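Please open the structure in a viewer and keep the selection tool at hand.

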Amino acid sequence: MKTSRQTSSYISDVMNQVIRRNPAEPEFHQAVKEVLESLDPVMERHPKYREARILERLTEPERVLMFRVPWQDDGGHIQVNRGFRIQFSSALGPYKGGLRFHPTVYLGILKFLGFEQVFKNSLTTLAMGGGKGGSDFDPKGRSDMEVMRFCQSFMTELFRHIGADTDVPAGDIGVGGREIGFLYGQYKRLRNEFTGVLTGKGVGWGGSLMRPEATGYGATYFAQEMLASRGETLAGKVCTVSGSGNVAQYTVEKITQLGGKCVTLSDSNGTIYDPAGIDAEKLAFVMELKNVKRGRIKEYADKFRGAQYRDGERPWSVKCDCAFPSATQNEILGEDAKTLVRNGCQLVSEGANMPSEPDGVRVFVDNRLLYGPGKAANAGGVAVSGLEMSQNSMRLAWSREEVDGRLQRIMKDIHTAVYAASEEYGEPGNLVMGANIAGFVKVADAMLDQGLV
Ligand code: NDP
């Protein structure tokens, strides 16, 4: 994020056009604005991108699919949801990105996520384009059979638009192992083929070891890299984590293994604060609670003495050395960021996508925090999805150690590339700028090579 210079009139023109053509989609505008502001110096230095209208092309998805998803609930009533798939960019490979099932899902959310995904996937060094999809379906409170019927209906339309070499969806909020299983089963039935069309599959039928862990572990590895640049480690650091789903759980697991102490988790109702730390045994309780019983995080405070439940609050007022936002977009407001800085927080590694509002990002960058934006810090998830695709193509399964080793190398390489780009463009350590530039250049150069498509 550029805080000192004025944005050029070219960038402002592109931004205004994006706002005009995509009305009432504030999350998409926010994601595009951050990237465009970072790219201003690149446009100045390399007029070829401007001449080829790369920004105008990149901000327009290659294809947007929107469809009806009718299904029947357990009471025999007919329900109708809306399904989406945004195939944003195939410059670097098949469209790749998760599916989100959450009542807040609409075009603007998925376009922001798909847009971010293009740059993130570019950073992983693997051959993947960017996409995102999902539905306004809310799995909360639904039986397994209802979720299955919904997934089957969703896939009955989606299957004709995806494929192992075309578009490979994965999970996101509300889409975990259970949903991927139901979606895959229906795809297989309709296509009559067993291919690597989804990632995050069960390990017994084509999934990669370490895929569930990958995003949380990756965000922690990225934090380690940032700390190493100042000669520090995670050992002994007090960490706040938001969310209590897939990303949050494995972030806590890895931080704890590396000697840090995690003291919070949250969900959309509130936050638990456990000053003693969430150790392996307590984390096992959280995993059972969230993944099997599908309960609320409040129950943690009922179970463990010394833990408090803070209804309606987010974790950011708790004093910490490092923060790991791992729930959803815009969960750190400008004020929260100031509170974190005031309390001595020195690192933020974003497991979630765009969890910090622009005001929050500005506070982190201006105060020179070690700040890893989502498109770099949480790229471990899609990276291991890419490794799952490779294993499926080879019809081989790598060991845990092999996948974890590759994940660690990828996170290290992302940090190196992002840091180098921030240095090259005169703001060393501004990883927001570095991630946007490093991600962009690879995609833009591929677009130049591939002609006007
Ligand atoms: P899960 O569905 O497993 O967990 C989501 C968690 O966030 C839940 O605790 C949920 O609480 C909470 N949450 C969701 N929406 C809100 C909201 N509006 N306000 C407050 N809390 C909320 O999802 P994941 O862990 O997979 O995803 C978390 C974040 O990480 C998302 O931003 C996602 O895009 C990002 N991400 C995920 C990847 C993956 O591999 N899974 C890869 C890269 C990024 P509740 O139960 O109350 O809804």
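Select Gly 174 first: one of its backbone N or O atoms lies 3.0 Å from an oxygen atom of the ligand, a polar contact being a pair of N or O atoms within 3.5 Å. The model is predicted, so that local features need pLDDT of at least 70 and side-chain atom pairs count only at pLDDT 80 or more, while totals for chains, interfaces and linings use all residues. Residues are numbered from 1 along each chain as its sequence is written, and side-chain values use heavy atoms, with hydrogens and water left out.

Next, select Arg 100, where a side-chain N or O atom is 3.0 Å from a ligand oxygen atom. At Val 247, a polar backbone atom is likewise 3.0 Å from an oxygen atom of the ligand.

Which residues line the largest cavity? Select Glu 34, Glu 116, Glu 350, Met 354, Ser 356, Val 361, Tyr 371, Pro 373, Gly 374 and Lys 375. A cavity is a set of points, on a 1 Å grid over the protein atoms alone, where a 1.4 Å probe fits but cannot get out; lining residues have an atom within 4 Å of a point.

Finally, select Gln 17, Val 18, Arg 21, Asn 22, Glu 56, Thr 59 and Glu 60, which line the second largest cavity.

Methods:
Polar contact = N/O pair within 3.5 Å; in protein donor to acceptor, adjacent residues only side chain to side chain. 1 Å grid on protein atoms, 1.4 Å probe; cavity = no way out; pocket = protein on both sides within 12 Å on 5 of 7 lines; lining within 4 Å.
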